[in-house]
Amino acid sequence: FVSRGPVVATMQSSLPADCRALAIACFTLIATFFGSAASYVMGVVYDILLSSGYSAKIIQWLVLWSVVVSYASSGLLFLYGSRLVPLDDATATNEGKPLLAEPGHNPKSAADSQA
C-alpha cells in the first residue's frame, strides 16, 4: 500500500473548490481499481508459473517486479502530466490561501484588525 497523501494534498491545493471532491473521488476509484486488478493479475501469473514448474519462491520476483513497474509507470505518468499543465507564477502555489475562503473575505485583514 502506497501513501496517497502527497498526491491528494497537491490536488486539493491546485484545484478549484467546486471540483475537488470529484477529483479526489475519481483518483481514489482509479487507484483502488488498478491496485485490485494488479493483485488479481499477480495471482493468475503466479498460478501459471507454478503449474509450469517454477518454485513457490517465484512470488518474491513477482512482487518485486510489480512494485518496480508500478513505481516507474507512476513516475512517467507524473512527468508526462507535469508537462501538460501550464505553470505560471500566479498559479504555481496556493500557499497562504485558505482552502475554504469565502469570496471577498480576506482572513489576513480580519486578523490584523483584531490585533
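Predicted model: local features only at pLDDT ≥ 70, side-chain atom pairs only at ≥ 80, totals over all residues.
Me: Where does α2 belong in the whole chain, and what follows α2?

Reply: Helices (DSSP runs of H or I, at least four residues) and strands (runs of E, at least two) are numbered from the N terminus, and here the protein has four helices and zero strands, which gives the pattern α-α-α-α along the sequence. Helix α2 covers residues 20–51, and after α2 comes Gly-53, whose phi is positive, near 110°.

Me: Which residues of α2 are buried, and against which helices do they pack?

Reply: A residue is buried under 20% relative accessible area, exposed over 50% and partly exposed in between (1.4 Å probe, protein chains only). In α2 the buried residues are Arg-20, Ala-23, Ile-24, Tyr-46 and Leu-49, and they pack against α1 (5–14) and α3 (58–84). Across the 115 residues of the protein, 8% count as buried.

Me: Which class does Phe-27 fall in, and which residues does Phe-27 contact?

Reply: Phe-27, found in helix α2, counts as partly exposed because its relative accessibility is 23%. Contact means heavy atoms within 4.5 Å, and, leaving aside neighbours within four places in sequence, Phe-27 touches Arg-4, Val-7, Val-8 and Met-11. Although Val-7 and Phe-27 are 20 residues apart along the chain, their C-alpha atoms are separated by 9.3 Å. Val-41, also in α2, is partly exposed as well, since its relative accessible area is 47%.

Me: How many aromatic pairs are there, and why does the pair of Phe-33 and Phe-34 get its label?

Reply: Rings of Phe, Tyr and Trp (its six-membered ring) pair if their centres lie within 6.5 Å, with planes under 30 degrees apart called stacked, over 60 edge-to-face and the rest tilted. By this rule there is one aromatic pair. The ring centres of Phe-33 and Phe-34 are 5.3 Å apart and their planes meet at 75°, so the pair is edge-to-face. Both Phe-33 and Phe-34 are exposed.

Technical notes
Residues numbered from 1 in each chain as written. Heavy atoms only, no water.
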